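The sequence and structure are shown first.

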There are 2 protein chains.
Amino acid sequence: MSPGRPVLPGADKVRRTLTDEASVPPSSAPTREASTAPNGTDVAACGATSATSGLVPLVIHRRDPKPDDVEIDIEFCGLCHSDVHATRGEWGERPWPLVPGHEIVGRVSRVGVDVLGFAVGDRVGVGCMVDSCRECENCLDGVEQYCERGMVGTYGAADPRNGGELTQGGYSQRIVVTEKFVLRIPEALDPAAAAPLLCAGITTYSPLRYFGVEPGERVGVVGLGGLGHMAVRLAKAMGAEVTVFTRSDAKSGAARELGADAVIVTSDPEQLAAARRTLDLVIDTVAAPHDVNDYLRTLRLDGALFQLSLPSGQMAPVDPGLLIRRRLTYAGSLIGGIAETQEMLDFCAEHGVVSDIELVAADGLNEAYDRMVAGDVKYRFVLDTATLAAGTGSAQAGEGQA
Amino acid sequence: MSPGRPVLPGADKVRRTLTDEASVPPSSAPTREASTAPNGTDVAACGATSATSGLVPLVIHRRDPKPDDVEIDIEFCGLCHSDVHATRGEWGERPWPLVPGHEIVGRVSRVGVDVLGFAVGDRVGVGCMVDSCRECENCLDGVEQYCERGMVGTYGAADPRNGGELTQGGYSQRIVVTEKFVLRIPEALDPAAAAPLLCAGITTYSPLRYFGVEPGERVGVVGLGGLGHMAVRLAKAMGAEVTVFTRSDAKSGAARELGADAVIVTSDPEQLAAARRTLDLVIDTVAAPHDVNDYLRTLRLDGALFQLSLPSGQMAPVDPGLLIRRRLTYAGSLIGGIAETQEMLDFCAEHGVVSDIELVAADGLNEAYDRMVAGDVKYRFVLDTATLAAGTGSAQAGEGQA
């Protein structure tokens, strides 16, 4: 925690079961001084060297800041399901090694000569993209995530402005990113608990805003994981009444702790039937193939269901009759633009919204992945990058499931 | 045609291949005087007496106008695919007999004492609904088609304000409808060609307006039947650039005659690929089960595909990745409210938009149904109700396909 600040929003929600809080002060990293080497720096990281390697210790190179670049000493990086899919080759073969991580929070260690918006010591963040073409209609409209030439992902993407070099993500001590894609992290937010805002937060905030949720409107949330728990908090902060859909009653208490006004156990047909035509919006965060018709039925006239996770298999067909009879929309949404991400971070600071996290050390990453796949985390793992430098000896090739 | 009016918009588009124009003046019906009988009137009609009867001559009863009622001497009634499904029992068993027809145009013959908006002789129309609860949020918002208690359909529906009597539709000489559900048909419109506006017109107009199509935006239309050809004309009248999707090149000429700016033959993968990310909105009028992903791919950021016809079987699953990567919406829409239907009729009068029709006599209805199922009509059959009184001897039980 930041010294001298008594209680930060969300600080009470940070759980540290996978690391030793005493030995790993999250926001102090005295050994990570800005390098003055002319040709970039080598930093410790953790990543996959093949689809079956699991996460292993690596050393990667970071460029020195170009005139528009911000160099960031990473403090924390959230673990997203995308990281699991990518490092296990589940989204296709990729160039290796691959250092995942796109929920990055740290402090500015150096800035390029043209950088105006950031200074050394600022707490900043990087989300799912580190650049885009900046010229297409969508980029000019501030929705860089929909760049017509494709945004440059924070990891595993060829970076055109840097010689096509493969980007490497936030499971590392340092990253260098063009100023336009760096976010300000309000000091009022606990930095570890704020990290998941950069992906899970903006992914749920953006469709809530795009739909235009207003106070008193009724929002349903399907799935109570990293995205789902953010959707509950954000929708509540916007003044909505929130209903959580859960397969079993076991998560009811957790849903209400997060602020849900109602819980519907979807294995009970009577509860589902009673919820018909009650909601204005459903945020569906489930990645496993499922049947959205159950949730479409809970929508009122002009309601919308936003699906936010790419399913791992084929979904059940949508019943067009449901859409026609109440003018419903079945929609998708992808993270958010840079300006909207900043808006979301400022909104979270104002409303005290952060993620519930478990801090994890580098040597616990593979175990954390397995627990994520099993749904055994409340609600987001966050890597403490201070544990990278000391080595990650226990990570073994092949430990991760392909 | 109305005497004394030289050329009405759309009059040139009326084709009369199934009836004899000379012997059946469309807008004169001298034998249909307003009845003064105290207990309603018996009128000639055509309907189904079972799912296998086909359409046969019938005599049905119409109530005398209650204080808020408008009695309409029907001149024309469009033939909608819904009529085929309903009379052939394809949407489930129903009480028989069933007189279909919900694209009704005629002249007011009597009005109830409280009716203020209509006078005897006015040209009026009735669409897919003749009442609703008038109390629910949706009715109060003017979207009676989404009445929470269910709108009262123009045929085959129990009518709560009239003792639960089954409504009977427009394949008849007369209908009595509460004033609130009667539309004004601008005299500038050819009455026969205007009839399909009451269903096919409003069904396509409403999503175009709901999406908010603006001049210069690009609208795709899937399916070039009754609905599709209206969508082309209406979108063009709104200033959109219109692209028609058709399975074979055979309809290209017809599409361009309707005003389409471009035609994409969907059996040609190269044409489909070239159309990716070019459209703002797709109006999908196809009722047969199909794969909407091909059309979703043609949408730009924030684009929407509106499906307007209930498919007769299960649709292919939607790829959520398409929705997510461009924030698309897959939506439905059902006809339009009464106020919006009036707005559409006035818009059509202003822009000279009507349907392309083939007039059909009562004894040609069963043949017309078969041709509709075969897609062999450009683009809407309209019944000339003047042919009802003379008998419909050629319609035989069992002629219609169940």
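In which sense do strand 4 and strand 5 of chain A pair, and over how many bridges? Strand 4 of chain A and strand 5 (residues 104-111) pair in the antiparallel sense, over seven bridges. Helices (H or I, at least four residues) and strands (E, at least two) are DSSP runs, numbered from the N terminus, and two strands pair if DSSP finds at least two bridges between them.

The model is predicted: local features need pLDDT of at least 70, side-chain atom pairs count only at pLDDT 80 or more, and totals for chains, interfaces and linings use all residues. Residues are numbered from 1 along each chain as its sequence is written, chains are lettered from A and ligands numbered from 1 in the order in which they are written, and side-chain values use heavy atoms, with hydrogens and water left out.

**Chain A overall**
- Chain A has 11 helices and 20 strands.
- Of its 402 residues, 60% count as buried; buried means under 20% relative accessible area, exposed over 50%, and partly exposed in between (1.4 Å probe, protein chains only).
- Among contacts in chain A with a separation of 6 or more, 71% involve residues 24 or more positions apart, a contact being heavy atoms within 4.5 Å.

**Strand 4 of chain A and its partners**
- Strand 4 (residues 69-78) is largely enclosed by the rest of the structure, because 10 of its 10 residues are buried.
- Strand 20 (residues 380-384) of chain A runs antiparallel to strand 4 and is joined to it by three bridges; C77(A) has L383(A) as its bridge partner.

**Interface of chain B and chain A**
- The contact takes 34 residues from chain B and 34 residues from chain A.
- About 3000 Å² is buried between the two chains, of which carbon and sulfur atoms give 64%; buried area is the accessible area (1.4 Å probe) that two parts lose on being put together, summed over both.
- Strand 18 (residues 329-332) of chain A and strand 18 of chain B run antiparallel and are joined by three bridges, with Y330(A) and Y330(B) as bridge partners.
- On the side of chain B that touches chain A, the elements giving two or more residues include helix 2 (137-140), helix 4 (200-211) and strand 17 (299-307) of chain B.
- Helix 9 of chain B gives the largest share of that side, six residues.

**R300(A) and other salt bridges**
- The structure holds 44 salt bridges over all chains.
- D280(A) and R300(A) meet in a salt bridge (3.0 Å, N to O); the pair links strand 16 (residues 279-284) to strand 17 (residues 299-307) of chain A, 20 residues apart.
- Both D280(A) and R300(A) are buried.
- The side chain of R300(A) also meets that of E137(B) in a salt bridge (2.6 Å, N to O), a pair that crosses from strand 17 of chain A to helix 2 of chain B.
- E137(B) counts as partly exposed, at 41% relative accessibility, whereas R300(A) is buried, with a relative accessible area of 18%.
- In chain B, the side chains of D131(B) and R161(B) meet in a salt bridge (2.8 Å, N to O).

Methods. Salt bridge = Lys/Arg side-chain N within 4 Å of Asp/Glu carboxyl O.
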